[in-house]
Amino acid sequence: MQTSSLRQLTQHFSQPGRLEAIYLRPDRGHPCLSADQTLAIASRGLQGDRASLRASSQANGSKRQVTLLQAEHLPVIAALSGRAQVDPAVLRRNLIVSGLNLLAAKSLFKDQPMHLLIGEVLLEVTGPCEPCSRMEQVLGTGGYNAMRGHGGVTARILRGGMLHIGETVQVVAGAAPGHPLQSSLPL
């Protein structure tokens, strides 16, 4: 039996994921809108989402251009908030993905970036998406704590394009934007 290094292990995923739902947040506090497809704008966000309207002082835009939630966490959030189920729209995350551990898509090594590829769109996972205090209103007392550790991830759009429900979500090894290897990433 061959042993793998931690660097190698972090690159192995048993299966690709699937984009299950798309939600756009038109404005702070307004209900999310469900969409079958949307345009991901590089360094900005999703067309129709409030995050894409904000200018950023960072070179590649904000680290919170897109938020993603793992579909498998929905029953956990429901159970921890004392509900039979939770409508993902009330959790205010843009993309719901099944079949893939989104937290594992953030590289542990700066010199070994990993990206999410959804159709033609390339995302860089930038960190955890912590819940906001609004979850207490939406899910009831304890809703904030029910989401802690299950709030998904934030991401930056490195390469834009159309996103469609049902597309495959893959983790791909990559290079930092601007690096010569960036052009060799799958299209």
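Leu 9 counts as partly exposed because its relative accessibility is 46% (buried means under 20% relative accessible area, exposed over 50%, partly exposed in between; 1.4 Å probe, protein chains only). The model is predicted: local features need pLDDT of at least 70 and side-chain atom pairs pLDDT 80 or more, while totals for chains, interfaces and linings use all residues. Residues are numbered from 1 along each chain as its sequence is written, and side-chain values use heavy atoms, without hydrogens or water.

Leu 9 lies in helix α1, residues 6-9 (helices are DSSP runs of H or I with at least four residues, strands runs of E with at least two, numbered from the N terminus). Together with Leu 6 and Leu 108, Leu 9 makes up a nonpolar surface patch with about 310 Å² of accessible area (Shrake-Rupley method, 1.4 Å probe, only the protein chains shown counting as cover for residues). Patch members have over 30% relative accessible area and no salt bridge, with nonpolar side chains (Val, Leu, Ile, Met, Phe, Trp, Tyr) joined within 5 Å and like charges within 9 Å. A salt bridge is a side-chain nitrogen of Lys or Arg within 4 Å of a carboxyl oxygen of Asp or Glu.

## Cysteines

With a disulfide taken as a pair of cysteine sulfur atoms within 2.5 Å, the count is zero. Cys 32 is in no disulfide, and the nearest cysteine sulfur, in Cys 132, is 10 Å away. Cys 32 is buried, at 14% relative accessible area, whereas Cys 132 is partly exposed at 37%. The closest cysteine sulfur to that of Cys 132 is in Cys 129, at 8.5 Å, too far for a bond.

## A three-stranded sheet

Three strands form an open sheet in the order β4-β3-β10, with antiparallel pairing (two strands pair if DSSP finds at least two bridges between them). β4 (45-46) and β10 (161-164) are at the edges; each has a single partner strand, so one side of each lacks a neighbour in the sheet.

Strand β3 (residues 37-41) is joined to β4 by two bridges. Ala 40 is opposite Leu 46 in β4.
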